[in-house]
Amino acid sequence: MKLEIRNLSKSFGKQLVLGDITLLLEKVHTLALIGPSGGGKSTLLRVIAGLERPDQGEVWLNDNEIVFQEKLLREHRRTVGTVFQSFNLFPHLTAFANVTLPLEKVHQYTPQKARESATEILERFQLMEHAHKQPAQLSGGQRQRIAIARAVAIKPKLLLFDEPTSALDPEMTGEVLDLIEELREEGRDFVLVTHQMGFARRVADQIAILGQGRIVECGPPAQVLDQPKEEVTRQFLSRILKY
Amino acid sequence: MEPVATTGFAVRAWRSVRRCFWQSAEERQTRPAWWIVAINWVLAFLLLSLVAWYAFASLRYNWNWDAVSGYANFFWRGWFTTILVSAMALVLSTLIGVTTALLRRSGFFVLRALSRIYVETIRGTPLLVQISFAFYVVASAIHLENRLVVGVATLAIFSGAFISEIVRGGIESIGASQLDSARAIGLTRVQTYRYVIFPQAIRVILPGLAGMFASLIKDSSLLSVISIGEFTWNAQQVGGLTYSLFETYIPLAIGYLVLTLPITIWTQWLERRTRFET
């Protein structure tokens with residue numbers, strides 16, 4: 001994908017979350033956003049997802065501008081798959097119905113076609129045995145994998161992950177990260193907010209460090225993580241890698 | 001040699017008797033055996049009967065069931081009218097409640113204000129006043145003479161205000177993350193209500209709604225002030241004709257209890273169920 005962000009700003013009340021962000025990535029498959037909490041990475045992801053309207057600035061995705069107007073934003077959201085930290089799934093629906101709902105109601109699949117697509121994706125993710133269960137009967141990792149299945153099923157042009165493993169027990173992060181890595185190997189484009197440095201290093205071809213509402217540093221993992229140019233990045237990395 | 005039980009017979013006997021009537025705080029986690037529950041329910045009823053018997057005995061009331069029993073049909077007709085009025089008012093008030101709850105969340109400030117004013121005025125004033133006002137002022141102004149229609153409408157407007165708050169509570173119980181997910185997959189606002197909010201909110205709303213229905217049935221008795229031939233009004237007529245008081249009020253109380261008790265029990269069951277699911 002090609003991602004271009006020009007002079008993007010966003011405040012919540014008096015709190016400046018994104019201050020004049022500019023970024024141009026000509027050809028990137030996986031962009032990882034990392035940085036201290038409150039640094040604006042989730043907000044940036046939500047702007048790209050079409051869930052948050054910036055105060056100023058432009059976002060261009062594959063040379064198409066995202067127009068921040070509710071109706072057009074809804075169209076935009078339909079073409080990207082977003083996975084949140086937790087509580088993604090609709091608890092009143094089975095895992096299977098969670099996957100078919102957007103296919104049927106948003107993407108106008110026939111019920112038959114939606115079932116086929118959902119079955120195909122859940123089988124590929126080895127989740128078919130859990131298809132009939134309600135989210136409450138699933139483990140956190142399984143829930144998150146179903147949420148990813150739901151996002152992938154719509155054949156999005158871009159996947160967005162907002163700290164997909166932060167709300168999980170450590171032993172469950174593995175299965176979710178494995179799945180994301182698999183999607184990476186399929187050549188899917190995605191943007192990922194994460195605290196898992198090792199994972200970011202493995203899957204990302206570009207890492208952007210966000211701190212205090214701006215992009216401190218952006219580049220390939222080896223460069224940003226091993227030879228950071230900026231003091232902020234060094235401090236952040238030393239704090240994260242200390243324990 | 002085997003150790004002999006050290007607790008004496010009297011102590012053990014006392015404990016097993018105590019167990020039938022009393023639970024310590026720790027024991028309250030466990031359910032008592034069904035027969036213990038049964039014994040205590042019977043005991044409670046006996047106590048109440050004793051109080052009632054004593055009260056009526058000191059009253060020296062001349063019971064005259066024969067005069068009243070001739071009007072059994074009149075009671076039945078009133079009872080069915082009460083069911084009809086309550087059921088119609090429930091359907092209507094649910095519509096009103098859902099609509100005003102949605103208006104409360106609307107983008108237009110004036111609609112929000114109107115909905116707020118409606119809820120607060122209706123909830124804050126006595127139903128008796130509302131019925132009189134609706135019948136003697138509003139209905140006569142618009143030349144609406146059908147008492148039943150006025151009665152059902154007033155009752156529906158009254159409980160609609162309470163249902164509005166129940167529905168609003170249900171809608172607001174749905175977390176922001178659910179709305180985010182709905183937006184993220186591209187659902188429209190209407191679709192979000194249809195597929196995400198209402199199916200989940202209904203579990204929160206239903207117990208409140210069932211409880212409201214029980215109140216509604218009892219509140220419909222106030223329609224007797226505008227001479228609608230429902231249960232209470234009919235009972236009062238019989239009372240007047242036969243110069244009896246308790247012979248009409250006791251069947252009246254039982255008639256309402258028969259309707260409300262199943263609903264109350266159902267409500268409790270619904271509440272338990274929603275608790276377990278969360």
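Colleague: In which loop is A:Glu163 found?
Modeller: This is a predicted model. A:Glu163 belongs to chain A. The loop that holds A:Glu163 runs between β7 (158-162) and α6 (170-185) of chain A.

Colleague: Is A:Glu163 buried or exposed?
Modeller: A residue is buried if 20 or more other C-beta atoms lie within 10 Å of its own. A:Glu163 has 21 C-beta neighbours inside 10 Å, so A:Glu163 counts as buried.

Colleague: What is the phi of A:Glu163?
Modeller: Most residues other than glycine have a negative phi. A:Glu163 is not a glycine, yet its phi is positive, at about 45 degrees.

Colleague: What is the phi of B:Ser227?
Modeller: B:Ser227 lies in the loop between α9 and α10 (231-242) of chain B. With 13 C-beta neighbours inside 10 Å, B:Ser227 counts as partly exposed. B:Ser227 is not a glycine, but has a positive phi of about 55 degrees.

Colleague: Are α7(B) and α9(B) roughly parallel or roughly antiparallel to each other?
Modeller: Helix α7 (residues 147-172) and helix α9 (residues 189-219) of chain B have axes 8 Å apart. They pack at an angle of about 150 degrees. Angles over 145 count as roughly antiparallel. Therefore α7(B) and α9(B) are roughly antiparallel.

Colleague: How many nonpolar residues does the contact of α7(B) with α9(B) have?
Modeller: From α7(B) come residues including B:Leu155, B:Phe158 and B:Phe162. From α9(B) come residues including B:Ile197, B:Val204 and B:Met212. By class, the contact has four polar and one charged residues, and the nonpolar count is 14.

Colleague: Which residues does B:Ile197 touch, not counting residues up to four places away in sequence?
Modeller: B:Ile197 sits in helix α9 of chain B. B:Ile197 is buried, with 20 other C-beta atoms within 10 Å. Beyond four places in sequence, B:Ile197 touches B:Ile171, B:Ile174 and B:Thr192.

Colleague: What separates the C-alpha atoms of B:Ile197 and B:Leu179?
Modeller: Along the chain, B:Ile197 and B:Leu179 are 18 residues apart.

Colleague: Which element gives the largest share of the side of chain B that touches chain A?
Modeller: The contact takes 16 residues from chain B and 16 residues from chain A. On the side of chain B, the elements giving two or more residues are α8 (176-184) and α9. That side divides into six nonpolar, eight polar and two charged residues. The largest share, six residues, comes from α8(B).

Colleague: Is the crossing of α4(A) and α5(A) left-handed or right-handed?
Modeller: The axes of helix α4 (residues 111-124) and helix α5 (residues 140-153) of chain A come within 10 Å. They cross at roughly 130 degrees. That makes α4(A) oblique to α5(A). The crossing is right-handed.

Colleague: Which residues of α5(A) meet α4(A)?
Modeller: The contact divides into six nonpolar, one polar and no charged residues. On the side of α4(A) are A:Ser117, A:Ala118, A:Ile121 and A:Leu122. Facing them in α5(A) are A:Ala149, A:Val152 and A:Ala153.

Colleague: Which residues touch the most other members of the largest nonpolar core?
Modeller: In soluble globular proteins, nonpolar side chains tend to be buried together. The largest nonpolar core here has 111 residues. One of its members, A:Ala149, is in contact with residues including A:Val99, A:Ile121 and A:Phe125. The members that touch the most others are A:Leu33, A:Ala149, A:Leu160 and A:Ile207.

Terms used
Residues are numbered from 1 along each chain as its sequence is written. Chains are lettered from A and ligands numbered from 1 in the order in which they are written. This is a predicted model: local features need pLDDT of at least 70, side-chain atom pairs count only at pLDDT 80 or more; totals for chains, interfaces and linings use all residues. Axes are lines fitted to C-alpha atoms, for helices over the stretch in contact, and angles run from 0 to 180 degrees between N-to-C directions. Helices (H or I, at least four residues) and strands (E, at least two) are DSSP runs, numbered from the N terminus. Angles under 35 degrees count as roughly parallel, over 145 as roughly antiparallel, 65 to 115 as roughly perpendicular and the rest as oblique. Two residues are in contact if their C-beta atoms, placed from the backbone, lie within 7 Å. Ala, Val, Leu, Ile, Met, Phe, Trp, Tyr, Cys and Pro count as nonpolar, Asp, Glu, Lys and Arg as charged, and the others, Gly among them, as polar. A nonpolar core is a set of buried Ala, Val, Leu, Ile, Met, Phe, Trp, Tyr and Cys residues joined through C-beta atoms within 7 Å. A residue is buried if 20 or more other C-beta atoms lie within 10 Å of its own, exposed if 12 or fewer, and partly exposed in between; C-beta atoms are placed from the backbone. A crossing is left-handed if the near helix is turned anticlockwise from the far one by less than a right angle, and right-handed if clockwise.
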